[in-house]
Amino acid sequence: MDQMDGDDNVIEPLREIRDGYLMSLSIGTPPQVVQVYMDTGSDLTWVPCGNLSFDCQDCEEYQNNISGPKLAAFLPTHSSTSIRDTCGSSFCMDIHSSDNPFDPCTIAGCSLATLVKGTCPRPCPSFAYTYGASGVVTGSLTRDVLFMHGNYHNNNNNNSNNNKQVPRFCFGCVGATYREPIGIAGFGRGLLSLPFQLGFSQKGFSHCFLPFKFSNNPNFSSPLILGHLAISSKDENLQFTPLLKSPIYPNYYYIGLESITIGNGNNNFRFGVSFKLREIDTKGNGGMLIDSGTTYTHLPEPLYSQLISNLESVISYPRAKQVELNTGFDLCYKVPCKNNNSSFVDDSQLPSITFHFLNNVSVVLPQGNNFYAMAAPINSTVVKCLLYQSMDGVGDDNDSDDNGPAGIFGSFQQQNLQVVYDLEKERLGFQAMDCVSVAANQGLHKNVRRNMMKVEV
């Protein structure tokens, strides 16, 4: 696989919806535009295939998260360059989680002679891919031309056109899913991930997520940058924490959480966390997964209950019990809002929350990353809920059989933060940032003419 040279970059706009961030992929000849979630918690990139034949089960709730017309599916029969991946490819072996290179071709029905010679032309067998929130997708690995929107950054720091392409990009052509109505661009660390296939696995990427208030707003986009530009020329105020390695789940991004602080100045309370959040054991359990595909941050018990009780002790607004029952969030308050004007919300009692990660990294979350207005103000009051959730027993100190991460740092808590994945140095950077301004500086707003960038691998 030919890698891009050191000056290549992709700058891609992300459209925010209620529970994640969408990016556009242009696939095929002629190109078909398909919108997919940007997900750092998985590595497979897949798209729905067939407008009429695509079957999404138990998806009504998830489809309601998107306003506007139904998102388009990919039609492989309408692309002259679309082909099935072969059973002998490294991607096929990876999707079937096989250590034996003969397994996929054996399943495909290849003869022993073609297995030994590596000449079996049969397609890769259909796959099933699962997600942590019970989602499942089934489909076939497909190869086709991929075009990316973006800019080329040369040595003189000038943006210019760069006409390149991925002629044999490998992705899942999915015909049926359970609770997954929208395709996904996997940004994990596996062979199938988008950064790996673009040649950025030893460089990195960064994103700056716009706040939830811009959800489904076509005039604003969050900036996503892949390549050396995502790592270099960043502000010196970036704080880097090391990426932890899991022997069982090597394709995920883990960081270590040391403690959490509520409040600031002299009025604060800092409490430590279980070692399970700081490190990963030999079985691959523990650590904090950073995942753009999970909306809210999940904390294990008893840490989650400790956070709730400490917030309750410092906030004296009236509780919105009915909203808590309706939404499932555990802490909602009736916050004063003068004249029902959202610009005059008196939320001074809502304290700041700071996450302390390994390497003395302290991330003070922006004000809007903890409590969120659940509806428009009424009777000079707005209800704000704490948008954190429990891991439902995962990470409980009394359960030694827990699998996977002890906690998850979700996309809602990553709003208005520059998050930098420095894959060469195996570290993750944080910096508070006005992401609307960053997007404006990158030209990611409505009516900006964009150039089509094609990336060769």
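Predicted model: local features only at pLDDT ≥ 70, side-chain atom pairs only at ≥ 80, totals over all residues.
Residue numbers start from 1 along each chain as its sequence is written.

**Disulfides**

A disulfide is a covalent bond between the sulfur atoms of two cysteines. Here a disulfide is taken as a pair of cysteine sulfur atoms within 2.5 Å, and by this rule the count comes to seven. The table gives three of these pairs, including the torsion about the S-S bond.

| Pair | Sulfur distance | Torsion | Hand |
|---|---|---|---|
| Cys-87 and Cys-105 | 2.0 Å | 95° | right-handed |
| Cys-92 and Cys-124 | 2.2 Å | about 85° | right-handed |
| Cys-110 and Cys-120 | 1.9 Å | -70° | left-handed |

Helices (H or I, at least four residues) and strands (E, at least two) are DSSP runs, numbered from the N terminus. Cys-110 sits in the loop between α3 and α4, and Cys-120 in the loop between α4 and β7, so the parts they tie together are ten residues apart in sequence.

Buried means under 20% relative accessible area, exposed over 50%, and partly exposed in between (1.4 Å probe, protein chains only). Both Cys-110 and Cys-120 are buried. Cys-170, by contrast, is in no disulfide, and the nearest cysteine sulfur, that of Cys-124, is 7.7 Å away. Cys-170 is buried, with a relative accessible area of 0%. Cys-87 is buried at 1%, and Cys-105 is buried at 6%.

**Two buried glutamines**

Gln-32 belongs to strand β3 (residues 32-39) and is buried, with a relative accessible area of 13%. A polar contact is a pair of N or O atoms within 3.5 Å; within protein, one must be able to donate a hydrogen and the other to accept it, and residues adjacent in sequence count only if both atoms are side-chain atoms. The side chain of Gln-32 makes one with the backbone nitrogen of Leu-75, at 2.8 Å. Contact means heavy atoms within 4.5 Å; beyond four places in sequence, Gln-32 touches residues including Ile-27, Phe-74 and His-78.

Gln-415 lies in the loop between β27 (407-409) and β28 (417-422) and counts as buried at 2% relative accessibility. A polar atom of its side chain lies 2.4 Å from the backbone nitrogen of Phe-212, and one lies 2.7 Å from the backbone oxygen of Phe-412. Leaving aside neighbours within four places in sequence, the contacts of Gln-415 include Tyr-21, Pro-211 and Asn-369.

**Backbone features**

A cis peptide bond joins Thr-29 and Pro-30, with omega about -5°; Pro-30 lies in the loop between β2 (20-27) and β3. The peptide bond from Glu-301 to Pro-302 is cis, with omega near 5°.

Asp-58 is not a glycine, yet has a positive phi of about 55°. Asp-58 is partly exposed, with a relative accessible area of 36%. Asn-360, also not a glycine, has a positive phi of about 60° and is exposed at 69% relative accessible area.

Terms used. Heavy atoms only, no water.
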